[in-house]
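Hi,

Here is the structure I promised to pass on. Have a look at it first, and my notes follow below.

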Amino acid sequence: MFAALPRPLVAALVAAAAVAAACSGGEKPAPQPEAPKVVSNPVDPATAGNVTGRVTLQGTPPANEPIKTKTDPNCTVPISTQSYIVGNGGSLANVFVYVKDGLGNRVFPVPTETVVLGQKNCQYEPHVLGIQVGQTLDIVSSDPTLHNVHGGTRQTSNQEFNYGQPMPGVKNQHTFSTKEVLYPFSCDVHKWMGAFIGIVDHPYYAVTGPDGSFSLKGLPPGTYTVEAVHEKLGKEIQTVTIGEKETKDVAFAFKI
């Protein structure tokens, strides 16, 4: 059927037909790489262990200063600063404890649960809290007065911000882009108000209560640097090694 056609055109048509035949049925397409699997938990819970402990204060702290709330009639209950909350045996509250080093290159999912920083009776609640990078923070006011939520400073790693909250029920949401311990909160209307948040990229953190205790659960076996941070007293560090399903207890003692 190609007899009437010029010889170069015939050659071109034959070559094109050969290519079409090869593409249509001859060779199998190259295998495509599989999509990476989403890791919900990079730690094997069957081998995970725990670090527990207690934070104490050695010495007598200065008294928490009473706050004069008469400048705002909506702040009616006498309150004081919360820098030093010391319980039985010198147990120290409001200390942020976290794994500073030892997790390697593990990547942990961002929790879907929100963390709440409240404002009640012209104080932040809680005074110290923790959150993961990328996790949502709800900042909520319960007070019938104006608050100005001031997060960070010009020196903080995470961006400084301000949210005005003029009435109870107002809520703002915020996320943090990088690790930072501790990131401060203040109020430009009520100068005594303050809070601190520890921002990390994993779930191994805790805030001590009145008994000074903390627990970091579900750690993979390994050696860790655990740091305790207090807003006034600075930092204390401990190194701890845990084996499979092992629980190790460590103690931190701040001095004043």
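S83 counts as buried because its relative accessibility is 10% (buried means under 20% relative accessible area, exposed over 50%, partly exposed in between, with a 1.4 Å probe and protein chains only). You'll find S83 in the loop between β3 (79-80) and β4 (96-101); strands here are DSSP runs of E with at least two residues, helices are runs of H or I with at least four, and both are numbered from the N terminus. Apart from neighbours within four places in sequence, S83 is in contact (heavy atoms within 4.5 Å) with N64, H230, E231 and K232. With E231 there is a side-chain to side-chain polar contact at 3.2 Å.

Before you go further: this is a predicted model, where local features need pLDDT of at least 70 and side-chain atom pairs count only at pLDDT 80 or more, while totals for chains, interfaces and linings use all residues. Residues are numbered from 1 along each chain as its sequence is written, and side-chain values use heavy atoms, leaving out hydrogens and water.

On the whole protein: it has one helix and 18 strands, and 39% of its 256 residues count as buried.

Now the sheet I'd look at. Four strands form an open sheet in the order β6-β5-β8-β11, with mixed pairing (two strands pair if DSSP finds at least two bridges between them). β6 (123-125) and β11 (171-174) are the edge strands with a single partner each, so one side of each has no neighbour in the sheet. Inside the sheet, β5 (residues 115-120) and β8 (residues 137-141) run parallel and are joined by five bridges. V116 has D138 in β8 as its bridge partner.

D138 turns up again among the salt bridges (a side-chain nitrogen of Lys or Arg within 4 Å of a carboxyl oxygen of Asp or Glu), of which the whole structure has four. D138 pairs with K171, with the closest N and O atoms 3.9 Å apart. Since D138 lies in β8 and K171 in β11, the pair ties together parts 33 residues apart in sequence. D138 is buried at 7% relative accessibility, whereas K171 is partly exposed at 48%.

Another of the salt bridges joins K100 to E227, with the closest N and O atoms at 3.3 Å. K100 is in β4 and E227 in β16 (residues 222-230), so this pair ties together parts 127 residues apart in sequence. E227 is buried at 1% relative accessibility, while K100 is partly exposed at 46%.

Cheers

Terms used
Polar contact = N/O pair within 3.5 Å; in protein donor to acceptor, adjacent residues only side chain to side chain.
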